[in-house]
Amino acid sequence: MNLDIFKALLPVILPSFAGLVILLLGALRVSRQILFTLSLLALLCGGVALFQIDTSLPWVIHHFILIDRFGCFIMAILYATTFIILLLNKQLVDGS
């Protein structure tokens, strides 16, 4: 696998892996504050990785995945929306 292809897939890989880690830590009864912080950190890392993609030409990976400007735009909207929703739900983390 080419390093550029891995770099193009990083905005998908990072939050997915972080989500699995957060689910595992949640099953181990880690505090909600730590899970909340890890969630925000995963979204920020995914967002930073998203802006590192070279979108001058679309990336087609094994004729299965297409990463282009529109896809990056949609991922940025999803990251921002999820980040805002997490911040709005911070009271649930602090309350218990």
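Leaving aside neighbours within four places in sequence, which residues is Ile61 in contact with? The partners are Ile5, Leu9 and Ile67, where contact means heavy atoms within 4.5 Å. Ile61 itself is found in strand β1, residues 59-61, and it is buried at a relative accessible area of 5%. For that label, buried means under 20% relative accessible area, exposed over 50% and partly exposed in between, with a 1.4 Å probe and protein chains only.

A word on what you're looking at: this is a predicted model, in which local features need pLDDT of at least 70 and side-chain atom pairs count only at pLDDT 80 or more, while totals for chains, interfaces and linings use all residues. Residues are numbered from 1 along each chain as its sequence is written, and side-chain values use heavy atoms, with hydrogens and water left out.

Now step back to the whole protein. It has four helices and two strands, and from the N terminus on they run α-α-β-β-α-α. Helices (H or I, at least four residues) and strands (E, at least two) are DSSP runs, numbered from the N terminus. The C-alpha atoms fill a box of roughly 45 × 25 × 20 Å along the principal axes. Of the 96 residues, 24% count as buried. If you take the contacts with a separation of 6 or more, 70% of them join residues 24 or more positions apart.

Next, follow helix α2, residues 32-50. Its 19 residues reach 27 Å from first C-alpha to last, close to the 27 Å expected; the expected span is 1.5 Å times one less than the number of residues. Its buried residues include Leu35, Phe36, Leu40 and Leu43. Beyond its neighbours within four places in sequence, Ser39 is in contact with Ile22 and Leu86.

The protein exposes about 6900 Å², and carbon and sulfur atoms supply 73% of that; accessible areas come from the Shrake-Rupley method with a 1.4 Å probe, and for residues only the protein chains shown count as cover. Look at Phe70 in helix α3, residues 69-88: it is exposed, because its relative accessible area is 57%.
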